Amino acid sequence: MGSALSCLSAAILFSGAMFMPADADACTGISLKSKDGAHVYARTCEWGGSDLESRYVVVPRNDRAVSMTPTGRNGLEYVSRYGYVGVSVSQDTFVTEGMNEAGLSAGLFFFPGYGEYVPYDSTMNASTIVDVELTGWILANFSSIDEVKEAMSCIRVVALSPQAGTAHWRVAEPSGRQIVIEITGGVPHFFENRLGVLTNSPGFEWQMTNLNNYVNVFTGQANPLKLTDEVTLSQFGAGAGLHGLPGDITPPSRFVRAAFYKATAPQYDTSEATVMETFQILNNFDIPIGIEHKTGEAPSGLPSATQWTTSADTRGMKFYYRTAWNSTVRCLDLTAIDFSKVSRQVHPLDAVREQPVEMIKVRNRP
């Protein structure tokens, strides 16, 4: 009993801390389509307050789960229909991003200050699940967006503690369809995400409306502008058409930049090449650890607030990731996993937290 309470206390502290406005809670998601029709869903996960102790999880079919509530692990019970892989933070069951064997992708994005869950009611524990475990529930039970939408009406999503903020979710199919789930007034709302971009607060509809503020931004070069017969203005360098694109790390600014980077990305022949392009684009959203703290207050041991980045190939059924400690891209191949036999597994994202460096040997003259 004591260890269970300790685990719950740690989880509540984690959940509350993750959503405190003084700390960064940034996530940036994009999607790309390859010429062969494959859809790839990628995202970053930022947290500059402390080490998330992230790990990758492998969950088999027929795995029994009991959801956490604010009073213990006594909530919604279910048995997984689908096996899946993903990345968890702080606790093994706090799956933040993943993909199941049906190709369904799902992920949690922080949404502080704008979501509103139903109040916790201990008499309703049988249908209650905490927000940080909702992604795992989605991946374990569904193969389509419509199934998720139907089932959401049967559960109660709550926060672990009154101090915790809220989240919203991206759910995506191999077909390319993706939605954003936002819970306000205790009611789940579903938005078709035809842009294929997601960050954090404010809400998705506001973010889409805000894009209209950048109708004047364009890719490519700016033409010279003649002011007088003697004075002509010209660009300093390439990319002047994007002048005015916001460069700060706030969610609205990241949403705008991600929209333009995604829209202007070249289309590659294969899903493998497209995965690599998502990592290239998301390089632009890495947040240096010192930028969100006052001078001298950045936590030690974190090389970046962007603790990990993932990319899911829903056609090739491969789930890729890299971390702040090791930028080498690693891959979990779902086609190589027998989800009817594999055991539930949890492993650190980095076996060794050290960036490999390849030494180049220069041949001297004989």
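**Figure 1. Helix 6 and its buried residues.** The buried residues of helix 6 are S271, T274, V275, E277, T278, F279, I281 and L282. The model shown here and in the other views is predicted. Helix 6 runs over residues 271-282 and has 12 residues. From the first C-alpha to the last, helix 6 reaches 16 Å, close to the 16 Å expected at 1.5 Å a residue. Its buried residues are covered by several elements, including strand 1, strand 2, helix 5, strand 17 and strand 18.

**Figure 2. L32 in strand 1.** Strand 1 spans residues 29-33 and holds L32. L32 counts as buried because its relative accessibility is 9%, and buried means under 20%. Which residues does L32 contact, leaving aside its neighbours within four places in sequence? They are A38, H39, V40, K262, A265, T274, E277, T278 and I281. A265 lies 233 residues from L32 along the chain, yet their C-alpha atoms are separated by 8.4 Å.

Figure 3. Strand 17 (residues 306-313) and strand 18 (residues 318-323) are joined by 6 bridges.

**Figure 4. S54 and its contact with W308.** S54 sits in the loop between strand 2 and strand 3 (55-59). S54 is buried, with a relative accessible area of 10%. The side chains of S54 and W308 make a polar contact at 3.0 Å. Beyond four places in sequence, S54 is also in contact with V87, S88, V89, P348 and L349.

**Figure 5. Nonpolar cores.** The largest nonpolar core has 81 residues. L134, W137, M152, V157, W169 and V171 touch the most other members. A second, separate core has 6 residues, among them I287, I289, A305 and W325. Now look around V171. Not counting residues up to four places away in sequence, V171 touches L104, S105, A106, I138, I145, V148, R177, Q178, I179 and I181.

**Figure 6. The hairpin of strand 12 and strand 13.** Strand 12 (residues 178-184) runs antiparallel to strand 13 (residues 187-192), and 6 bridges join them. E182 has H189 in strand 13 as its bridge partner. How many residues lie between the two strands of this hairpin? There are 2 residues between them, and G185 in the turn has a positive phi of about 60°.

**Figure 7. Salt bridges.** Side chains of opposite charge can pair when their charged atoms come close. The count of salt bridges comes to 15. One of them joins the side chains of D269 and K35 (3.6 Å, N to O). D269 is in the loop between helix 5 and helix 6, and K35 is in the loop between strand 1 and strand 2, 234 residues apart. K35 counts as exposed, at 54% relative accessibility.

**Figure 8. R344 and D63.** The side chains of R344 and D63 meet in a salt bridge (2.9 Å, N to O). R344 lies in the loop between strand 19 and strand 20, and D63 in the loop between strand 3 and strand 4, so the pair ties together parts 281 residues apart in sequence. R344 is partly exposed, with a relative accessible area of 35%. D63 counts as buried, at 15%.

Technical notes: Residues numbered from 1 in each chain as written. Predicted model: local features only at pLDDT ≥ 70, side-chain atom pairs only at ≥ 80, totals over all residues. Heavy atoms only, no water. Helix = DSSP H or I, 4+ residues; strand = E, 2+ residues; numbered from the N terminus. Buried < 20%, exposed > 50% of the residue type's maximum accessible area, 1.4 Å probe, protein only. Contact = heavy atoms within 4.5 Å. Pairing = 2+ DSSP bridges. Expected span 1.5 Å × (residues − 1). Polar contact = N/O pair within 3.5 Å; in protein donor to acceptor, adjacent residues only side chain to side chain. Core = buried A, V, L, I, M, F, W, Y, C linked by side-chain atoms within 4.5 Å. Salt bridge = Lys/Arg side-chain N within 4 Å of Asp/Glu carboxyl O.
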